[in-house]
Amino acid sequence: MSTIRSAIVVGGGIAGPVAALALGQAGIEATVYEAYDTTADGVGGTLSIAPNGLDALAAVGLGGIVEELGSPITSMVMRNGKGRRLATLGSPAGLPAQRLLWRPDLYRALRDATASRGVRVEYGRRLTAVDQDADGVTAVFADGTTARADVLVGADGIRSRVRSLLDPAAPAPRYVGLLGFGARLGPGPVDASRIGTTGSEMHFVFGRRAFFGYVLDEDGSGGWFANLPRAASTTAAEARATEPAGWLRLLRETFAGDGLRMDDLIARTDPADLICVGGMEDLPTVPVWHRGRAVLVGDAAHATSPSSGQGASLALESAVELARCLRDLPYQEAFAGYENLRRARVEKIIKMGERTNSDKAAGPVARVLRDLMMPVAMRLMNPESFSWPMRHHIDWDAPVDGAAVTVQAPARAG
Ligand SMILES: Cc1cc2nc3c(=O)[nH]c(=O)nc-3n(C[C@H](O)[C@H](O)[C@H](O)COP(=O)(O)OP(=O)(O)OC[C@H]3O[C@@H](n4cnc5c(N)ncnc54)[C@H](O)[C@@H]3O)c2cc1C
């Protein structure tokens, strides 16, 4: 049985609000502290929530929000730059379709959910330090203010401050060799002979020189993203320092040699709508997930590269599982139990994302082999090897078994 009554949640992205809502459901009062003000809502491209993410949201009564905001994606179609279909991956049997939505819409919906359930979110509060003692934990913010609670949850993303405070030797994010771009498209002309509409499918194209994904409605509205192989990384801030029109020109040139005219969609993009993600990153393993009264959740603990399409869904799962453990166990056992439940699963999915990245950055020989092998491999593939990450189910009411928890020593002292 938990003796925890209050929690500080650092980060108001995806994991943070859902952790706070789940903790509330577990009888623990949580307050979210977000570094940015609410205007950060405007930032971001598309995001897919997989069936396992939908399941995690349903565990805290939020299943409906993504269904309202997102469009169902019934299959993912892979093609090469000439337009040849390499594979089609349908929704796994017995699971709901994944949902594609706009990141700012999800942030807004999560914010509304916290407000309607009385969970406080304080904006403009950037955490800088954490002090722990026998009775509780104090968060120190850049504006000089502090907050105190029984435990602290670091949901502060891939560049987590909490992670480096728990373990100064914690690994930094790893560049995966691809720069990310994306944009939303308003209604416009569709030339089906050059690039067609997608209906409820999402299309992915292994172009000759870069990777492209898009959805396109009958009225020409939709969105696209591009992953550009590059040896050296660029931060989002550095990418934004280049004129968007310059990036769009480079992307058009990159895709111009492909038979399938992705450059049509890029040409239709208003430079003001271009999203420069910068170097795409992951975190293969984070040795220390918790120390004392503080614990990590979401990208702070397990960031998978965007190629897996699972980062947000795993963040949602971890947020709910952490709250379930804190509901049922004293905090040290709860943190150890949470890590036991989560680590192997998330690290395996991060590895899957890593393999997709190497397909996206294939050189000329690997490209030919990929185009030959992929259709055969997909035919021979056991569908379960693709669908297992999506079959994860959280039984909120099931008690967490304290006896099964191994209390692990942190991997490094500090
Ligand atoms: C281009 C791109 C495309 C992606 N596409 C998908 C996809 O299709 N499907 C999918 O499942 N995942 C996708 N992901 C991954 C997904 O976005 C992340 O896994 C998810 O956002 C993780 O949620 P989080 O809450 O852990 O972190 P975040 O969403 O990054 O939220 C962290 C929050 O913490 C705040 N913060 C940071 N530092 C502090 C501090 N010191 N004090 C207070 N607050 C702080 C930040 O401002 C932010 O609001 C994509 C990622 C990228 C980059």
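This is a predicted model: local features need pLDDT of at least 70, side-chain atom pairs count only at pLDDT 80 or more; totals for chains, interfaces and linings use all residues.

Analyst: Happy to. One term before we start: helices (H or I, at least four residues) and strands (E, at least two) are DSSP runs, numbered from the N terminus.

User: Thanks! How many helices and strands are there?

Analyst: The protein has 13 helices and 19 strands.

User: And what percentage of the residues is buried?

Analyst: Of the 414 residues, 53% are buried. As for the surface, the accessible area is about 17,400 Å², and carbon and sulfur atoms account for 54% of that.

User: Back to Ser313, then. Is Ser313 buried or exposed?

Analyst: Ser313 counts as buried because its relative accessibility is 0%. Setting aside neighbours within four places in sequence, Ser313 is in contact with Ser48, Ile49, Ala50, Asn52 and Gly53.

User: Let's turn to the ligand. How many residues surround the ligand, and which are the closest?

Analyst: The ligand is surrounded by 31 residues, and the closest are Ala15, Glu34, Arg103, Asp299 and Ala312. By class, the shell consists of 14 nonpolar, 10 polar and seven charged residues.

User: Which elements supply at least two residues of that shell?

Analyst: There are β2 (29–34), β3 (46–49), α4 (103–116) and α10 (311–328). The largest share, four residues, comes from α10.

User: Nice. Which polar side-chain atoms lie 2.8 Å from an oxygen atom of the ligand?

Analyst: Arg103 has a polar side-chain atom 2.8 Å from a ligand oxygen atom, and Asp299 has one at 2.8 Å from a ligand oxygen too. From Gly309, a backbone N or O atom lies 3.4 Å from an oxygen atom of the ligand. On its own the ligand has 1,000 Å² of accessible area, and the protein covers 82% of that.

User: New topic: α2. Why is α2 described as largely enclosed by the rest of the structure?

Analyst: Helix α2 spans residues 51–59, and eight of its nine residues are buried, so the helix is largely enclosed by the rest of the structure. The buried ones are Pro51, Asn52, Gly53, Leu54, Asp55, Ala56, Leu57 and Ala59. Just after α2, Gly61 takes a positive phi of about 70°.

User: What about His203? Where is His203 placed?

Analyst: His203 sits in strand β14, residues 201–206. With a relative accessible area of 5%, His203 is buried. The His203 side chain makes a polar contact with the side chain of Glu201, at 2.8 Å. Beyond four places in sequence, the contacts of His203 are Val77, Arg79, Thr198, Phe212, Gly213 and Tyr214.

User: And Lys82, buried or exposed?

Analyst: Lys82 is exposed because its relative accessible area is 73%, and over 50% counts as exposed. Lys82 is in the loop between β5 (75–80) and β6 (85–90). Leaving aside neighbours within four places, Lys82 is in contact with Gly259 and Leu260.

User: Last one: which residue has its C-alpha atom 7.1 Å from that of Tyr331?

Analyst: That's Ile4, which is 327 residues apart from Tyr331 along the chain. Tyr331 lies in helix α11, residues 331–360, and counts as buried at 14% relative accessibility. Apart from neighbours within four places, Tyr331 is in contact with Ile4, Val151, Gly292, Arg293 and Leu326. On the scale of the protein, residues 24 or more positions apart account for 74% of the contacts with a separation of 6 or more.

User: Great, thanks for the tour!

Note on methods
Residues are numbered from 1 along each chain as its sequence is written. Side-chain values use heavy atoms; hydrogens and water are left out. Buried means under 20% relative accessible area, exposed over 50%, partly exposed in between (1.4 Å probe, protein chains only). Contact means heavy atoms within 4.5 Å. Accessible areas come from the Shrake-Rupley method with a 1.4 Å probe; for residues, only the protein chains shown count as cover. A residue is near a molecule or strand if one of its heavy atoms lies within 4 Å of it. A polar contact is a pair of N or O atoms within 3.5 Å; within protein, one must be able to donate a hydrogen and the other to accept it, and residues adjacent in sequence count only if both atoms are side-chain atoms. Ala, Val, Leu, Ile, Met, Phe, Trp, Tyr, Cys and Pro count as nonpolar, Asp, Glu, Lys and Arg as charged, and the others, Gly among them, as polar.
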